[in-house]
Amino acid sequence: MGTVAVNGRLETLPEDAEVLLVDFVRGRLGLTGTKLACGSGVCGACTLLLDGAPVVSCLMPAKAVAGKSIITIEGIGASGLHPVQRAFMAGDALQCGFCTPGFIVEAVAFHDRWRREKGTRAPSTAEIGAALAGHLCRCGAYANILRTVAEACAGRFDGEATTSPRLEARDKVTGAAHYTVDVRHDGQLEGCILRARVAHARIDALDLRPALRLPGVAAAIPLIDKDCTVRYVGQQIAAVAAADRRTAHAALAAIAATFSPLPAAIGPDAARAPGAAIAFGSRGALANASEGPILPVRWRGNLRGPSAAFSFRARRARRWVRAARRAADPYLVEGSFHTAVQQHTALEPHAAVARFDGDRLTLHVSTQAVSHVQSEIAKRLALDQSKIRVVAQHVGGGFGAKGALGSEALVAIKLARAARAPVRVAFDRHEELSVAGYRPGARIDLALLPARDGSLKALSLTAYADTGASVNSTIAGLGRLIYPAKAKYLADFDVVSNLPPAAPFRGPGGPPMAFALEQAIDEAALRLKIDPIVLRQRWDPNPNRQRLYAWAAGREVWRKTAARNGRFCKGVGVAAGYWLYLWQPGAKVELAVRNGRLVVSTAVQDIGTGSRSVLAQALADAFGLDPQEIDVRIGDSALPQGPPSTGSRTTASILPPTLIAAEELKRGIARRVKRPAIGSNAPWRERIAACPDFSVSAVRRDDAPPASRDIRSPLADAGPIGRVFAWMMRRFAHLAVGAGVPSSVQVVEVEVDTLLGHVRVDKVHTGIAVGRLAAPVLAHSQAAGAVIQGIGYALYEGREVDPSTGDILTAGLEDYRIPGIADTPSIEVHFDEAGFDHVLGGGVGVGEVATIPTAAAIANAVRNAIGVRPTEIPIRADRLLALLQGTTQ
Amino acid sequence: MNAGARREFRAAGTDLSERRRSGVSTGEVIDLVATPETRAMLWAADGGVTIGAAMTVAAIAAEPRISLAYAGLGAAAAGLATPQIRGVATLGGNLAQRSRCWYYRNPSIPCFKKGASRCPARAGNHLYGVVFDLGPCVAPHPSTLAAALLAYEARVNTDRRADIGIETLLGDGRDGKADHALLNDEIITSVKLPPPLDGERALYRRATGRAQAEWPLVEIVARLVIAAGSIVQLRLTAGGVAPVPLRLLDAEAAAQGAPASARTIADCAAAATVKANPLPMTGYKLALLRGLVRDALERLLA
């Protein structure tokens, strides 16, 4: 029997040759700082040091480490933080934190070797990028990682000082932060889901008894819809709970299910072909691909639509476009744009751990919405809401896919009930990349018509979204809220087919809309022989973007002309984005003095965006304290009801009530404790320390009216449908649309290798107007990460499907290609902090608006570089070479 | 027998572990035990080298004498996979690894390599497939080191056979079922490289989407000897384009004796793809292959 030294302790290795090191370290030793994310050696989250060298423990057989020495993330910080850990903390080189332990382990090995060999000369970005190439970060913290590793190597963090703008950073860089996948109760079972292997079929029979007969299997439950129909590969059929994952998989294999195949329609082309099979007979059960309410809309076969309520003088718009086409109007811009399906693929998968104590349920779940999940469980399972507690202390990324009550949670609860034991359900990467939601791909047909006087006359956008087993994609409709025209026809169609359902993804509908519309604006500028920024200044009156256009026009690169030099062509492009300012009516924050400390509580969650730090920073500012002196309690539905972390609503929902509560708490403290002697430089610290326990709370109420009529909701400019939509959002989604438009303008510089069909993004200048920043460093991190995700959307990411079976082929992180650290451009983030003075705190959320224009700006830059417009993303080698073939080669 | 139930050897497990986890490989696993011989790099008096099959990819990449004598191999070893994988993955394992095809790697899809009678990628989605369609399976060979070793005319020793050509080990691509022509239960023990040519220059280039850590779309190893302004010898091999790493014989012939000129480079690039027969989705790889040949020769002639 082999042994291994783990963080200096001798441990006995398992005999079983199948056990992988990651499972031994996490499962047997309970060292959960090492994370399992991709399971195929691509993402590096499971990296640990084996005899000093970084290895991916998800591919390493446990028995192979016999006689060796392992250091995990827990061992690295054990005797005082390593300079790399301090650097990550100080430089905010992390967001959700799930990939962080792996990055730290690798960066520590790199740092130590570098210092031995090179002293304190700072390594180059390329050297660090090559060394850390085996790690992926979905939040896109790369720019800060590259900078902080260089600074650590240069010796800037050799001292003892540890500070971080992110409240929980220390837990994340030491592996102490517990995520849902790390929760382990006594007697906890592992739940796994049996999934369909056919795209469309009737389930004739399902026999769970063979599974239940296997030793170690505690429960098996059916998960079939009322109509006993499978509608996509991967649809859940049954689930089992067993002592471990391998037993659970054996049990799934033992389940006997028989199917009668039905004709399937796989993907939008097949679904719209004449005589296509009807993917969904009963349409009521379709999932919602967006966050808006589902309205009744016409169906024709698999096509749902048009949803065209945001149109404005629709017939006139179409008539003008037809007339311009007939007249061969040289200024009429027409085109068809294609965007790929983008997967969220947060590194922490969808996961839930359910545990019953009597009739009380505790659910740990990787969610963006603890309060919402609590109430949904009560509704769906007819449980008493007061007996449900939903917990999410740390969430390893969400991006919209974890905004609703998901099957992982429901299955864990049902299995826990059936097995009478705690059950964990954690998706593997294949499930995560196939059935856990995605941003629908789309074909967008566009026509944009300038008038003779140079104004914008008409816009026509028709979007066909590849929504699989879901509906309600809104892409074209978003074209109403920017670039006013005399008439607009905006039609959204869902093309339903036998593929998994979509889910809201960071600015749902925004990036594809911008990809089409912002390229059309760019093309119009070329035709009109006007600078693209000047044309936007003319056509887009929004005050927030007007300030950003002026900033963008002042970037030095904007004054350069495209340089085409043989094989390598450089180009620059611009694009604008916007999002709605949303906030949650009734979001509640409680503030208390407890044992002489300030405690803030609200059932919000931190998915890496920094809501903990926003709360702590606001209170630190109000009371003249250090953020670390504030106890922040979040991620627990037992706390006062907080907002979901979706729709960029978090900051604007929790900050105003926090500030109101702070004032009330101050008054309460003043009543209870006398003002200290004049001259104290921390008067509130002393008074809080001396104050008896008490608490106050405040809820989010409507904003004061803005000072200027120019500051209004974009829906206010959208006619009656805008008002109806805003009312419905508030009535049915408990979401208020505030005044003012969160805006972004990005300028992107690219270099195109025309020989090998490769686009490299060199620099991104991202200008963002979301008002005052509650946590400036974290907002900066989020904005930079949004650029990274936008680069992935523009250049690398695309789901691929087998056209005959409906299997998702890009179901691993090797084939589904998210940006790596070496793809990071230089990123300049500019925040314009005006425009939201009517919001208490002065600012709103940044998450979505920051990613919307990136792919469009990259496409415009590529057009500028090579003279041909890329109308399809991702701009892969095959597509770029095809574009170039028509021109130079 | 189900092909997945076949017995397999495990070196570092960087390929096998993922197939075990997914259930693509279900047979018995036998761990290889590295010996001093399989871990060694032995230099011969003639300048050639024998590399033990258990040497890691990183060790090959880090060896200065390899970079000097076999620059194409050294750069290939330094460019593949990720630092963590290179740190443990072995030469033998790299040569014997299985296809990265997304159909093959999906446990629920039957395919030629898993004992079925057809290749689902051929009629399905073969975006990353071959452009030299040599056999029933359309997945390109996964081994970057194999492409490099083919360029160096390496010889392979196994526990049963001595001194077989690397091209024999790799097969001609017509088989489709396996990714190599190893016998059942045969183990690679070492790889022998003949001495480099006098005055040769060599390099490794790859075309990828992202900058790092990605399986190449197309990769190429080029060795070149020039004398008095003419190309004396060109050796070109490519990966990512065929079920086996491929020698680009037509491109080599186009260079033979030709002046070291832009014209020759263009001729070689054009010749590289004359025998190609791409699939509906892989035509772009022709441009990439020609582009890499041009890129490699321009660099070698610079």
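The side chains of Arg19(B) and Asp15(B) meet in a salt bridge, with N to O at 3.0 Å. A salt bridge here is a side-chain nitrogen of Lys or Arg within 4 Å of a carboxyl oxygen of Asp or Glu. Arg19(B) counts as buried at 3% relative accessibility. Asp15(B) is buried too, with a relative accessible area of 9%. Buried means under 20% relative accessible area, exposed over 50%, and partly exposed in between (1.4 Å probe, protein chains only).

This is a predicted model, in which local features need pLDDT of at least 70, side-chain atom pairs count only at pLDDT 80 or more, and totals for chains, interfaces and linings use all residues. Residues are numbered from 1 along each chain as its sequence is written, chains are lettered from A in the order in which they are written, and side-chain values use heavy atoms, without hydrogens and water.

**Salt bridges**

The count comes to 75 salt bridges over all chains. Arg19(B) and Asp15(B) belong to a network of salt bridges that also links Glu814(A), Glu8(B), Glu18(B), Arg100(B) and Arg105(B). Further pairs are listed here.

| Pair | N to O distance | Source |
|---|---|---|
| Arg9(A) and Glu11(A) | 3.3 Å | side chains |
| Glu18(A) and Arg20(B) | 2.5 Å | side chains |
| Arg235(B) and Glu153(B) | 2.8 Å | closest N and O atoms |

Arg235(B) lies in strand β10 (residues 230–239) of chain B, and Glu153(B) in the loop between α8 (144–151) and β5 (155–158), 82 residues apart. Helices (H or I, at least four residues) and strands (E, at least two) are DSSP runs, numbered from the N terminus. Arg235(B) is buried, at 7% relative accessible area. Glu153(B) is partly exposed, at 40%. Arg9(A) counts as exposed at 57% relative accessibility, and Glu11(A) is buried at 15%.

**The interface of chains A and B**

The contact (heavy atoms within 4.5 Å) takes 42 residues from chain B and 53 residues from chain A. The area buried between the chains is about 4,000 Å², and carbon and sulfur atoms give 56% of that. Buried area is the accessible area (1.4 Å probe) that two parts lose on being put together, summed over both. In chain B, Arg21(B), Gln84(B) and Arg210(B) lose the most area to chain A, together 20% of what that side buries.

Between chain B and chain A the count is 5 salt bridges. On the side of chain B that touches chain A, the elements giving two or more residues are α1 (16–22), β2 (29–31), α5 (83–88) and α12 (284–301). The largest share, 7 residues, comes from α12(B).

Helix α24 (residues 877–885) of chain A has buried residues, among them Leu880(A), Leu881(A) and Leu884(A). What covers the buried residues of α24(A) includes α12 of chain B, along with β34 (743–753), β35 (758–769) and α23 of chain A.

**Aromatic pairs**

The structure holds 12 aromatic pairs over all chains. Rings of Phe, Tyr and Trp (its six-membered ring) pair if their centres lie within 6.5 Å; planes under 30 degrees apart count as stacked, over 60 as edge-to-face and the rest as tilted. Tyr581(A) and Phe836(A) form an edge-to-face pair, 5.9 Å centre to centre, with 90° between the planes. The pair ties together parts that are 255 residues apart in sequence. Both residues, Tyr581(A) and Phe836(A), are buried. In chain B, ring pairs link Trp43(B), Tyr70(B) and Tyr152(B) into a cluster.
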